[in-house]
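Here's a quick briefing to read with the model open beside you.

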Amino acid sequence: MAGRPTTIKRYLLNRTLLFSVIGFLLLLLVANQAYQSSIRENARQVAASVAENTFNSMYLIMSQGWTRDQLESFLAQLEAGSAGGSFHIGLYRGELVNERFGDIEQPTPDAALQQALHSGDIAAFDRGEHLRYLYPLNASENCLACHTNARPGDTLGVIEVGQDLSPQLGLANRNLLYYLLLLSPLPLLFAFWAVRRVSLHINDSVQHLSRSIEQVETLSDLSRMGEARRQFRFEEMNNIFGQVEQLADKLRNIAVDKDLLEFEIRLLEKFVITSEVVRDWREYVNVLMLDINRVLDIYTMFSIFKVDDELFDLEIFWLRPPSPRTRDMMERAVLARLRARDSFFSHSEFKLHHNMVQGGGEAVIELDARDIELQTKSLLVETPKIGGIVGIGVQADIVKDKTKVLVLESILSTLLNVVGSVKAIYKYTRDLEYYATRDPLTNLYNQRMFWELLEYELDRSRRHGYPVAMLLLDLDNFKSVNDGYGHASGDRLLTELSLLLKQQLGNGDVLARYGGDEFVIVLPEANLEQAGRVSERVLKALDGFVMEHEGGALKTTCSIGVGIYPDHADNAKELFMFVDNLMYRAKAQGKNRVSLPKEQDVADIFRDMSEKTQLVNQAIEQRTLLPVFQPIQPLAEGEPGAVEVLSRIRLADDSLMNAGEFIEIAESMGKVHLLDYIVMEKAFAQVRDTGYRGLLFINLSPRAVLVNDFLARVNALVVQYAMSPERVVFEITERDTVKSMALLEKFIRALKDAGFLLAIDDFGSGFSSFHYLKHLPIDFVKIEGEFIANMANDSRDMAFVSSITQLARQLEVKTVAEYVETEEVLALVRATGIDYAQGYHIGRPTPELASVMTRMG
C-alpha cells in the first residue's frame with residue numbers, strides 16, 4: 001500500500017540526512033580500520049627493530065666471551081626492562097645451546113615458539129590488542145666457534161617481543177571520533193544548501209508548467225502551450241515540458257469538443273432501425289444529413305451497394321441541388337476513386353442515383369475540380385458487407401480539421417453499419433422467407449411449406465365450401481437412374497422435371513417436393529374431374545420428356561395418386577395417407593398411370609387404413625411385434641461383431657410388415673415409443689438365450705426423447721436380461737430428431753452417462769449430422785447409404801465417403817457403411833478404411849439371432 005505523498009524538498013532533505021548519517025558511519029568505520037591497520041603495522045616494525053637490536057647486543061657481548069653469570073644477568077635485565085611497560089622481551093634457548101652450555105631456568109616454550117625453533121622463520125601474531133613477534137636466532141659461521149655442536153642455519157634460540165596495543169588503539173579511536181564530530185556539521189550544511197537550490201529550481205519549473213496547463217480551456221488553447229516556453233536550469237525539466245507539448249499536439253489530433261461530442265451522441269441516438277427506416281431508407285439518410293449539417297458542413301454523401309457480381313448501385317445524396325458541371329465532375333471523381341482503389345471494381349458497372357435533401361429554392365452547390373478531388377478522399381470503400389453495402393463516404397469542407405474528420409468518420413462507420421443492416425434486414429428477410437419454404441435443389445416448396453399451404457387451402461375450403469384436390473407423384477424406377485448414372489445426374493433430372501411440372505400447372509396451384517423423388521400438387525377449387533385432367537397432362541408431359549446425358553438419353557415416368565377434400569378425408573394427414581395409398585395402387589397396377597379413387601376404392605382404402613391402425617394397435621396391445629436382426633460385419637482388426645435390430649409386424653398370412661408401413665401410423669397414435677419397448681425387450685431376450693456377445697444397434701424414435709420414464713424403463717430391461725449397457729448402441733438420425741437441440745443433448749448425455757453407446761444414422765444426409773457430431777458424445781457414424789451405393793460410379797460420392805471416414809478417424813469415432821449390396825462396393829468400403837459394413841451383400845434381416853450368429857461365424 002502506497003504511503004502519503006510528500007514534497008520534493010522534504011523528500012530530498014530526508015534522503016540527504018539519511019545518506020549523511022550513513023556516510024558518516026561508513027567513514028568512521030573505514031577510517032578506524034585504516035588507522036588501526038597503520039598502528040598494527042607500525043607495531044610490527046617496532047617489534048622487528050627491538051628484536052634485531054636485542055640480538056645485536058647479545059652478539060656483541062657473546063663475541064667478547066661471556067660466562068653463565070653474565071648470561072643470566074643479561075636475561076634478568078631484559079625481563080626487568082620490559083616489566084610494567086607495553087613491551088615484553090624474552091629469550092628462549094634452543095636444544096643445541098642447552099646441550100653445549102647446560103640448561104637454564106626458562107618458561108616452557110608453547111607451540112608457536114616450538115614452531116619458530118623448528119623452522120627458523122620469523123613469525124608475528126596479531127591477537128586483538130596484543131602483538132607477539134618471534135625472532136629466531138639462526139647460527140652463522142661466526143657462531144660455530146662457540147657452538148661447536150651446531151651447523152650454519154640451525155636455530156639456537158628465539159627472541160620474543162610482545163607488545164600491548166590497547167593504549168595506542170584507544171587513543172587513536174578517541175582522536176578520530178573527536179575530529180570527525182567536529183567536521184560532521186559541514187556535510188549537513190552543504191546538503192541542506194544543495195537541496196534548497198534544487199527545490200527552488202524544480203518548484204519554479206513545476207509552477208510554470210502548472211500555469212501553462214491551467215490556461216488550457218479549449219482545444220485551441222492546446223496550440224498556445226509552447227508560446228510561453230523558456231529554458232529551465234535542469235535538462236530533465238526541459239524534456240518533461242517538451243513531452244507535455246507533444247501530448248498537447250496529440251490531444252489536438254484526437255480530442256473532441258464537448259459540443260461536437262454531444263452532437264455526435266444525439267445523432268447516434270437516431271441510428272435506430274425501425275420498420276419505417278427499412279421501408280424508406282433514403283428519406284432516413286436525408287434527415288440524418290440535415291442533422292449532421294448543423295455542426296459539420298457536408299455537401300454530399302455517398303453509399304455504394306452491391307446488387308450483383310459486377311453491378312453496383314451508387315447513391316449520391318446532395319444537401320442542395322448541384323450545378324450540372326458540379327454534378328458531372330462529382331460522378332467522374334467518385335467513379336475514378338472507386339475503380340482506382342481496388343481491381344475489384346475495375347470492370348464493374350454502376351447505376352447512379354441522385355437524391356436531393358433540400359429543394360430547388362436553395363442556392364446550388366458549385367465546386368471546382370480541385371475541391372472535389374480533395375474531398376472524395378474521405379470516401380470509404382470496403383469489401384462487400386452485409387446487405388450488399390460496399391462503402392459510404394462524404395464530400396465536405398472539413399479536411400483540415402482533424403477533430404471533425406475523426407467525428408465524421410465515426411459517424412460514417414456507424415452509418416455504414418446502420419444502412420448495411422437496413423439492407424441486410426430487407427435482403428435476409430426475403431431470403432429466409434424463401435429458403436425456409438423452398439427445396440434447395442428444385443426451388444419448389446419443401447415438405448414443411450407443403451403442409452402449411454395444404455392446411456391453409458383446407459381451411460379456405462371449409463369456409464367457402466369448395467373442394468381441394470391433391471396429387472402425389474412418385475417417379476418410377478428413379479433409383480436406377482442414381483445407381484446407373486450417379487446422383488449428379490439424378491439431381492439434374494429432378495431439377496428439369498420440376499421445371500416441366502411447373503409448366504403444367506396454373507398460377508394458383510401448389511407444387512412441392514415432398515422428398516426424394518416424390519412430388520405433391522395441391523389444386524385449390526378443383527374437383528376429381530379437373531384433378532384427373534391435370535394428372536393426365538402431367539403423365540403426357542413426362543412421357544415426352546428426354547434429358548440428354550453423356551451416357552445416353554434419360555427419361556422417366558411417374559405414378560400418381562389423387563384425392564379430394566372433403567370427399568375422401570376430413571383432415572390433411574388422412575388426405576395424404578389416402579392419396580399415398582392410391583399412388584402405391586398405381587405402382588402395383590404397372591406404373592406410369594393415374595389412380596383415381598372410385599367408390600369401391602375409397603371404401604377399400606379406408607378399410608385398409610383402418611385395418612392398419614387396428615393392426616398396429618393390436619400388435620402393441622398383444623405384444624406381437626417382432627425384432628429382426630441384420631448383421632453388421634466388422635472390417636477392422638479386433639472390432640466386435642454387431643447386428644441392427646429392426647421392427648416387423650407379423651400378418652395373418654405369416655408375412656412381415658416393414659416398419660416403414662406402420663411407424664407413421666404408430667407416431668400418429670402417439671404410441672411409437674411403446675413399439676421401442678416391446679422390440680427392445682424381445683431383442684434382449686434373444687441375446688440372453690443365444691449367448692450373443694456382440695453389439696446391438698437399436699433405432700431411437702424421437703418420441704423417446706419426450707417420454708420422461710424412457711431411460712428408467714431401458715435400464716430396467718438391461719438389468720432384467722443381464723445386458724451390458726456398453727453393448728447397446730442407440731441410433732439417432734437427423735431426419736427424425738426433435739426440434740429442441742438442448743432437450744436432445746440432455747437426453748443423449750443421460751444415455752451416455754448410463755453407459756450406452758450412440759450412433760448417428762444416415763450421416764451426411766444434412767448439416768445437422770455434423771452439428772450432432774460436434775456437440776454430442778457420438779461413438780459411431782453410419783454413413784448415408786446413397787453415398788455408399790454409388791461409390792463405384794460417382795467420384796464425388798467416393799470423395800464424400802473418404803472425407804467422412806477421415807473426419808471420424810480424427811475424432812476417434814467408428815464408421816459403418818450402409819447399403820453394401822455388391823462385392824465391388826464392399827471392396828471399396830474396406831479400402832477406404834471403414835470399420836463396419838451393413839447391407840444385403842452382408843446379410844438380410846432375419847427374426848432368428850442364432851442364424852445371424854452362425855453366418856457371422
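Is Asn592 buried, partly exposed or exposed? Asn592 is partly exposed, with a relative accessible area of 35%. Keep in mind that this is a predicted model.

- As background, most residues other than glycine have a negative phi, and most peptide bonds are trans.
- Asn592 isn't a glycine, yet its phi is positive, at about 50 degrees.
- You'll find Asn592 in the loop between H19 and strand E16 (594-595).
- Asn443 is another non-glycine residue with a positive phi, here near 65 degrees.
- Look for Asn443 in the loop that links helix H14 (402-435) to H15.
- The relative accessible area of Asn443 is 32%, so Asn443 counts as partly exposed.
- Going from Tyr565 to Pro566, the peptide bond is cis, with omega near 10 degrees.
- Pro566 sits in the loop between strand E15 (558-565) and H19.

**How H15 and H19 pack**

- Helix H15 (residues 447-464) packs against helix H19 (residues 572-588), with the axes 10 Å apart and an angle of about 110 degrees.
- Angles of 65 to 115 degrees count as roughly perpendicular, so that is how H15 and H19 lie relative to each other.
- The crossing of these two helices, H15 and H19, is right-handed.
- On the H15 side, the contact is made by Phe450, Trp451, Leu454, Glu455 and Leu458.
- Facing them from H19 are Ala572, Lys573, Leu575 and Phe576.
- By type, the residues in this H15 and H19 contact are seven nonpolar and two charged, with no polar ones.

**Nonpolar cores**

- The largest nonpolar core has 62 residues.
- Within that core, the residues touching the most other members are Phe684, Leu696, Phe730, Ile788, Val820 and Val829.
- Helix H22 (residues 672-690) supplies the largest share of this core, with nine residues.
- Setting aside neighbours within four places in sequence, Leu696 is in contact with Phe629, Val643, Val645, Ala683, Phe684, Val687, Met723, Arg727, Val728 and Val729.
- There's another core apart from this one, made up of 32 residues, including Leu501, Phe519, Val534 and Met547.

Terms used:
Residues are numbered from 1 along each chain as its sequence is written. This is a predicted model: local features need pLDDT of at least 70, side-chain atom pairs count only at pLDDT 80 or more; totals for chains, interfaces and linings use all residues. Side-chain values use heavy atoms; hydrogens and water are left out. Axes are lines fitted to C-alpha atoms, for helices over the stretch in contact, and angles run from 0 to 180 degrees between N-to-C directions. Helices (H or I, at least four residues) and strands (E, at least two) are DSSP runs, numbered from the N terminus. Angles under 35 degrees count as roughly parallel, over 145 as roughly antiparallel, 65 to 115 as roughly perpendicular and the rest as oblique. A crossing is left-handed if the near helix is turned anticlockwise from the far one by less than a right angle, and right-handed if clockwise. Contact means heavy atoms within 4.5 Å. Ala, Val, Leu, Ile, Met, Phe, Trp, Tyr, Cys and Pro count as nonpolar, Asp, Glu, Lys and Arg as charged, and the others, Gly among them, as polar. A nonpolar core is a set of buried Ala, Val, Leu, Ile, Met, Phe, Trp, Tyr and Cys residues joined through side-chain atoms within 4.5 Å. Buried means under 20% relative accessible area, exposed over 50%, partly exposed in between (1.4 Å probe, protein chains only).
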